[in-house]
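Me: I've just opened this one and I'm new to it. Can you walk me through it?
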Amino acid sequence: MSTTPLAAVPSAHGTAPVFRGRIGRDARSGHYPVPHRYRLHLSTTCPDGLRLAIGHRLLGLDDSCPVTLLPAVPDCPGGGHAALRPLYEASAHHHTGPALAPVLSDDWSGRIVSSHAPDILRDLDRFPRDGRPSLYPCGTESQIEAVERLCADDIQEAAQRAGRADADPAERAAALGLLLDTLDRLDRYLTGEEYLVDGRLTAGDIELWVSLVQLDTVHRFHLDASAVHRIAGHPALWAHARRLAAHPAFGAQLDLDGIARRHHGHCEGLEAAGAAVQILDWTRHATNGPDSSLG
């Protein structure tokens, strides 16, 4: 890592820099995992923000690393947040792009440590936390990374391509096939397992749960009803989602109205028949705990 941890890396999309400072990984950075120095800025309507909010809660970091919640719908052009503008301007010379969330900031310097969500969650896992279990248990890193790739490529990206109205029908069918095959494999695995990795709750379960939330609250709006019924036909997978929704670290973070407003605020795709086929009643499961039925 660079000895200048606040240096920004240009975004692959050319919009805002990606800060890749790390906590506790390089003594030269000066970023140590000490309490009351760092702050998370996030919106739980954003998938990355939701992942971080869940992980933060599971790790019990409310006192040592406070969270500043941002509006459900970004309030600046390009998906930026006005509240983050001072941090970006202090951290990137002549920053003119959007001030994107999530962000981990250093209250001592008033600058951004990282805006790269996977690094942030791993670094939060290094904080002292009164005996709470790790989200990345020793020896499981490669398995969790495999889950992250699976969710990003074969669930999220595949669902996005399957719902693209301007895509070739064959391309949409191939993407849906990949998505369903991935859900099939996960469903078979979870038929005999309570968690994805090492028989315990890890960052892999957070990744999958957020992907399933997005699948039901965002992607299904652009799929036909038949596709959504096929997605729902994975009982062990959605039972896993219901169980985690009943956990306060998961269900209490859900802002379903905010997710809907954020989605409708920037989505340009056409709504399809699947919009009417809700897979889970997330509010009920988060409030009352899981039961044995879908929906």
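Me: What share of the residues in the chain is buried?
Reply: Buried residues make up 51% of the 295 residues. Buried means under 20% relative accessible area, exposed means over 50%, and partly exposed is in between, with a 1.4 Å probe and protein chains only. Bear in mind that this is a predicted model, where local features need pLDDT of at least 70, side-chain atom pairs count only at pLDDT 80 or more, and totals for chains, interfaces and linings use all residues. Residues are numbered from 1 along each chain as its sequence is written, and side-chain values use heavy atoms, with hydrogens and water left out.

Me: How many helices and strands does the chain have?
Reply: There are 11 helices and 6 strands. Both are DSSP runs numbered from the N terminus: helices are H or I with at least four residues, strands are E with at least two.

Me: And of the contacts between residues at least 6 apart in sequence, what percentage join residues at least 24 apart?
Reply: That's 69%. Contact here means heavy atoms within 4.5 Å.

Me: OK, helix packing. At what angle do α4 and α6 pack?
Reply: About 5 degrees, with their axes 9 Å apart. That makes α4 roughly parallel to α6. The axes are lines fitted to C-alpha atoms, for helices over the stretch in contact, and the angles run from 0 to 180 degrees between N-to-C directions. Under 35 degrees counts as roughly parallel, over 145 as roughly antiparallel, 65 to 115 as roughly perpendicular, and the rest as oblique.

Me: Which residues make that contact between α4 and α6?
Reply: On the α4 side they include Ile-144, Val-147 and Cys-151, and on the α6 side they include Ala-203, Glu-207 and Leu-208. The residues of this α4 and α6 contact split into 9 nonpolar, 4 polar and 2 charged.

Me: What about α1 and α3, how far apart are their axes?
Reply: Helix α1 (residues 47–58) and α3 have axes 10 Å apart and pack at about 5 degrees. That makes α1 roughly parallel to α3. In this pairing, Asp-48, Leu-52 and Gly-55 of α1 meet Ala-117, Ile-120 and Leu-121 of α3. The contact of α1 with α3 has 4 nonpolar, 1 polar and 1 charged residue.

Me: Switching topic: how many salt bridges does the structure hold?
Reply: It holds 16. A salt bridge is a side-chain nitrogen of Lys or Arg within 4 Å of a carboxyl oxygen of Asp or Glu.

Me: Which residue does Asp-106 pair with?
Reply: Asp-106 forms a salt bridge with Arg-37, and their closest N and O atoms are 2.8 Å apart. This pair links distant parts of the chain, 69 residues apart: Asp-106 is in strand β5 (residues 103–106), while Arg-37 is in the loop between β2 (18–19) and β3 (38–42).

Me: Are those two buried or exposed?
Reply: Asp-106 is buried, with a relative accessible area of 2%, and Arg-37 counts as buried at 8%.

Me: What does Arg-51 pair with?
Reply: Its salt bridge is with Glu-207, at 3.2 Å between the closest N and O atoms. Arg-51 lies in α1 and Glu-207 in α6 (residues 203–217), so the pair ties together parts 156 residues apart in sequence. Arg-51 is buried at 13%, and Glu-207 is buried too, at 12%.

Me: Where do Asp-181 and Arg-185 sit?
Reply: They are in helix α5 (residues 169–191), separated by about one helical turn because they are 4 residues apart. Asp-181 forms a salt bridge with Arg-185, with closest N and O atoms 3.4 Å apart. Asp-181 is partly exposed at 37%, as is Arg-185 at 38%.

Me: Last one: where is Thr-140?
Reply: Thr-140 lies in the loop between α3 (117–124) and α4 (141–162). Thr-140 is buried, with a relative accessible area of 2%. Leaving aside neighbours within four places in sequence, Thr-140 is in contact with Val-197 and Asp-198.

Definitions and conventions: Nonpolar A, V, L, I, M, F, W, Y, C, P; charged D, E, K, R; others polar.
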